[in-house]
2 protein chains.
Amino acid sequence: MLTLFGNVDSGNVHKVQMILSRLSLPFRRVDVRQDRGQPRDARFLAINPMGKVPAVQLSDGDILSDSGAILFYFSSGTPLWPDVRRDQAEVLRWMFFEQYSHEPALAVLRYLKRFAPDPHAHQLRIIELVSKSNFVLGVLEKRLAEAEWVAGPAPTIADYALYPYTRWMDEVGFSHDDWPAISVWLNRIQKLPGFLPLYTDAATEIIAFADYFAARPL
Amino acid sequence: MLTLFGNVDSGNVHKVQMILSRLSLPFRRVDVRQDRGQPRDARFLAINPMGKVPAVQLSDGDILSDSGAILFYFSSGTPLWPDVRRDQAEVLRWMFFEQYSHEPALAVLRYLKRFAPDPHAHQLRIIELVSKSNFVLGVLEKRLAEAEWVAGPAPTIADYALYPYTRWMDEVGFSHDDWPAISVWLNRIQKLPGFLPLYTDAATEIIAFADYFAARPL
């Protein structure tokens, strides 16, 4: 049985849930909450020294972390990871774009507006992130005005990687109506087999952080 | 002939130069300068809509961007990209760590301290980035205290991806002496075949931005 470490509010964790759901791979989930600082708890750092969710424990006990690496691992050998080197590079290009440019704009904006104790303390940062978010949504809109899927002629893990924080644009003040090609693409993803909506869980069992580590001394 | 778009001051561009040098692939370089805003110039956006260096034009005219995707593309089929899926995922794990956590700390700190017009305007941001840099260097130090190479038993593109901004820690106030395992690893990389030092160029020809686009109307 696979064990996923992470919380339902995290788009990076949700990407992994979406892929596991798509590939019909059963898993349990240990709830590691960012709003409680649990990714930097010493007990979790023993699992992932990078101090980030998601992480996945494979059935052999081995632990893999980073949403992009996890999506690659599970999709390799399936149609969600193409066969040809040039096409694979294009998938990675969009996944690195998501982690380097797109997520640090849209996800940080969402954090500051939704979860930060005092959003008013971050007004200048929010203005900067709105500008960056507009740029990255523009890059995505341009691509999707010309193609049905982000990185090639068929859906890949790049589409899954870009889905959560793009879909959540409406939580941070953007309107789907202003990005018509993106909106059509979001709907297209929502019709893929095994689609898992945001804030829902595909885990067969959910284990609280304290309970998991109480049963598993370091 | 390959064409690399980017500047010598950029660690992300240097990673690509290092791999092309290691693999003995000749290329020319179009100088796209970040300090002049050239990555967001409309002429360059027609080449890479993501507005970032590096980008590479392949010999068939196709353009690939993003340092991680480019490193993957050229290393696939060589010993720098392992054969086994689990090992490949480990390489990507460290490359995503570099782009999501390591580079945004160390490279942005370097930008603010070395290139920003008024570093004093960014004191709070600098304090935050020093703390993040300490964390990511600690993650790397821990790994390299246990292993010779970042992502497995032999050098991979993850080592190349992590080299430039780690080596440049001394430009932003960190001392190599405080990170002994990292220092030994930096020396190990510097002994690899075809090693290309920072701030040096492996291009056979260098073309100025204006000259390249003057000869190539949109």
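**A walk through the model**

In chain A, 72% of the contacts with a separation of 6 or more are between residues 24 or more positions apart; two residues are in contact if their C-beta atoms, placed from the backbone, lie within 7 Å. Keep in mind that this is a predicted model, where local features need pLDDT of at least 70 and side-chain atom pairs count only at pLDDT 80 or more, while totals for chains, interfaces and linings use all residues. Residues are numbered from 1 along each chain as its sequence is written, and chains are lettered from A and ligands numbered from 1 in the order in which they are written.

Chain A has 8 helices and 5 strands, taken as DSSP runs numbered from the N terminus (H or I, at least four residues, for helices; E, at least two, for strands). Follow the sequence and you get β-α-β-α-β-β-α-α-α-α-α-β-α. The radius of gyration of chain A is 17 Å, close to the 17 Å from the globule rule for 218 residues, so chain A is as compact as a globular protein of that length. That radius is taken over C-alpha atoms, and the rule is 2.2 Å times the number of residues to the power 0.38. Along the principal axes, the C-alpha atoms of chain A fill a box of roughly 50 × 45 × 25 Å.

Of the 218 residues in chain A, 43% are buried (20 or more other C-beta atoms within 10 Å of the residue's own; 12 or fewer is exposed, in between is partly exposed, with C-beta atoms placed from the backbone). Leu196(A) counts as partly exposed because it has 19 C-beta neighbours inside 10 Å. You'll find Leu196(A) in the loop between helix 7 (180-190) and strand 5 (205-208) of chain A. Leaving out residues up to four places away in sequence, Leu196(A) touches Gln17(A), Met18(A), Ser21(A) and Ala202(A).

Now for the partner chain. On chain B, 22 residues are in contact with 22 residues of chain A. Strand 4 (63-65), helix 3 (67-75), helix 4 (85-115) and helix 5 (123-146) of chain B each give two or more residues to that side, and helix 4 of chain B gives the most, with 10 residues.

Finally, look at a helix pair within chain B. Asp159(B), Tyr163(B), Thr166(B) and Arg167(B) in helix 6 of chain B meet Ile182(B), Leu186(B) and Ile189(B) in helix 7 of chain B.
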